[in-house]
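Please take a careful look at the aromatic rings in the structure shown here. A pair of aromatic rings is described by the distance of the centres and the angle of the planes.

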Amino acid sequence: MLVHFDRATKESFGGAIDFVGFASQNVISFAFGRSYAEVHDPFVIELLALRDAMRWCLSHSVTNVLFCGDAQVVIRMVSAKDSNHALGGAILKEVQVLRTSLARVSFHFAPRRYNRAAHTVAKQALASMVQRLVDHRFALVSFP
């Protein structure tokens, strides 16, 4: 299974993650998007996207996975089994534990042009989160 993961951020609202699984070339098997309003760091949000994709695969018995993302630093750190990064260290450690539960796993860099499906889902999840927050803020304002 090929799984692309990505994130989208909006400084004042936080971020959103997504992952898209492909059963075969250009055939989407699943897509998932989620917002993280409390997280603003792009590196951490990218790690959350990978972690959540790994969790989803394990919970659905998908254990032979090639994960692709467009954040080179995340791919390098995960591939090197480095979890000593101050920012995101706990998430990196969890990713390393999750990888041991997968039968076959690899991590690869995919330039943004090849990661469009994942990026689109992340942007949609972020837009949905921003709209909910805006609607909530307007609901708190009382009009005469």
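The report below describes the ring pairs of this predicted model.

## Basis of the values

This is a predicted model, in which local features need pLDDT of at least 70 and side-chain atom pairs count only at pLDDT 80 or more, while totals for chains, interfaces and linings use all residues. Residues are numbered from 1 along each chain as its sequence is written, and side-chain values use heavy atoms, with hydrogens and water left out.

The structure holds three aromatic pairs (rings of Phe, Tyr and Trp, the last by its six-membered ring, with centres within 6.5 Å; planes under 30 degrees apart count as stacked, over 60 as edge-to-face and the rest as tilted). Phe-19 and Phe-32 are a stacked pair, because their ring centres lie 5.0 Å apart and their planes meet at 25 degrees. This pair links distant parts of the chain, since Phe-19 belongs to strand β2 (residues 14-24) and Phe-32, 13 residues apart from it, to strand β3 (residues 27-36); strands are DSSP runs of E with at least two residues, numbered from the N terminus.

Phe-19 is buried at 1% relative accessibility, whereas Phe-32, at 32%, is partly exposed (buried means under 20% relative accessible area, exposed over 50%, partly exposed in between, with a 1.4 Å probe and protein chains only). Ring pairs also join Trp-56 with Phe-19 and Phe-32 in a cluster.

## Phe-67 and Phe-107

Phe-107 is buried, with a relative accessible area of 7%, and Phe-67 is buried too, at 0% relative accessibility. These two residues form a stacked aromatic pair, with 5.7 Å from centre to centre and 15 degrees between the planes. The pair links distant parts of the chain, 40 residues apart: Phe-67 lies in strand β4 (residues 64-69) and Phe-107 in strand β5 (residues 104-109).

Technical notes
Helices (H or I, at least four residues) and strands (E, at least two) are DSSP runs, numbered from the N terminus.
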